[in-house]
Amino acid sequence: MKSKYILFLLCMLFSLTLCASNPEDNTYPTQERLFHIARSANKNLVCYDVNLKDGKLDAKSPLNIYWVNREERMGETNGLSYIQRKMAYGYKLVSAGDDSSEVILTAYPARKLTICKQDSKYVCLITIDNQPAILESLYVKAKSGNPLSVEYVELQGVAIDTGAKVTERVKK
């Protein structure tokens, strides 16, 4: 019995060591997370969680958006500033239905995102590489020398039909 306990402790210590040696891999996922945006500017994430009210989608305000720090204060979260919401990382509600909503991202209005319940989990549906997919993340590559100018955005998700990973790089 004692050897099983020691083995368990060693496994836990090994797991913690792996996490500590590679903290930039940690996206600090939550149960409500729909997707996140990673950027070339730094390692911090902009996270998009489903906003629930009494266990159902808050159709009028379907997203809770916030920063996760992965540099100075690992795991600390902060809300978006007014400018960040209005100019970069916010969203506009396009339509609200019964437990689903369509939104567009402020900085990327070319594609609609549909937030809905699939099985027992909320997901964000989008078209990636001409395929209906569940959005997992976006990566924003800034142009070198100008962090406010975007070179490309890479969408990453899972194809609804096949379950395969899909990506698409969109250049501005």
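Select Asn130 to begin; in this predicted model, Asn130 is exposed, because its relative accessible area is 73% and anything over 50% counts as exposed. You will find Asn130 in the loop between β10 and β11, and its backbone deserves a careful look, for Asn130 has a positive phi of about 65° although it is not a glycine. Most residues other than glycine have a negative phi.

Now select Asp54, which is located in the loop between β3 (52-53) and β4 (56-57). Asp54 is not a glycine either, and yet its phi is positive, at about 55°. Is Asp54 buried or exposed? With a relative accessibility of 79%, Asp54 counts as exposed.

For a loop residue that is a glycine, go to Gly97, which has its place between β7 (91-96) and β8 (100-105). Gly97 counts as partly exposed, because its relative accessibility is 38%.

Lys141 belongs to strand β11, and with a relative accessible area of 25% it is partly exposed.

**Aromatic rings**

Next, show the side chains of the aromatic residues. A pair of aromatic rings is described by the distance of the centres and the angle of the planes. How many aromatic pairs does the structure hold? There are three aromatic pairs, and two of them are stops on this tour.

Select Phe35 and Tyr48, whose ring centres are 4.5 Å apart and whose planes meet at 10°, so the pair is stacked. This pair links distant parts of the chain, since Phe35 is in strand β1 and Tyr48, 13 residues apart from it, is in strand β2 (residues 45-50). Both Phe35 and Tyr48 are buried.

Move on to Trp67 and Tyr89, where the ring centres are 5.3 Å apart and the planes stand at 80°, so this pair is edge-to-face. Trp67 lies in strand β5 (residues 63-68) and Tyr89 in helix α2, so the pair ties together parts of the chain that are 22 residues apart in sequence. Trp67 and Tyr89 are both buried.

One further ring has a charge as its neighbour: select Tyr152 together with Arg169, and you will see the charged end of Arg169 sitting over the ring of Tyr152, 3.9 Å from the ring centre.

**Cysteines**

Select the cysteines now. A disulfide is a covalent bond between the sulfur atoms of two cysteines. How many disulfides does a search of the whole structure find? The search finds zero disulfides. Cys116 is in no disulfide, and the nearest cysteine sulfur, which belongs to Cys124, is 8.5 Å away. Cys116 counts as buried, because its relative accessibility is 15% and buried means under 20%. Cys47 counts as buried as well, with a relative accessibility of 0%.

**Pockets**

Rolling a probe the size of a water molecule over the atoms shows where empty space is left.

The largest pocket has a volume of about 530 Å³. Which element gives the largest share? The largest share comes from α2, with five residues. By type, the lining divides into 18 nonpolar, two polar and two charged residues.

The second largest pocket holds about 230 Å³ of space. Its lining is made of 15 residues, and Arg33, Leu34, Lys121, Ile134 and Glu136 are those nearest its centre. β1, β10 (121-128) and β11 each supply at least two of the lining residues. Here the lining consists of eight nonpolar, four polar and three charged residues.

Technical notes
Residues numbered from 1 in each chain as written. Predicted model: local features only at pLDDT ≥ 70, side-chain atom pairs only at ≥ 80, totals over all residues. Heavy atoms only, no water. 1 Å grid on protein atoms, 1.4 Å probe; cavity = no way out; pocket = protein on both sides within 12 Å on 5 of 7 lines; lining within 4 Å. Points joined across faces, edges and corners; volume = space filled by probe spheres on them. Helix = DSSP H or I, 4+ residues; strand = E, 2+ residues; numbered from the N terminus. Nonpolar A, V, L, I, M, F, W, Y, C, P; charged D, E, K, R; others polar. Phe/Tyr/Trp six-rings, centres within 6.5 Å; stacked < 30°, edge-to-face > 60°. Buried < 20%, exposed > 50% of the residue type's maximum accessible area, 1.4 Å probe, protein only. Lys NZ or Arg CZ within 6 Å of the ring centre and 35° of its normal. Disulfide = S-S within 2.5 Å.
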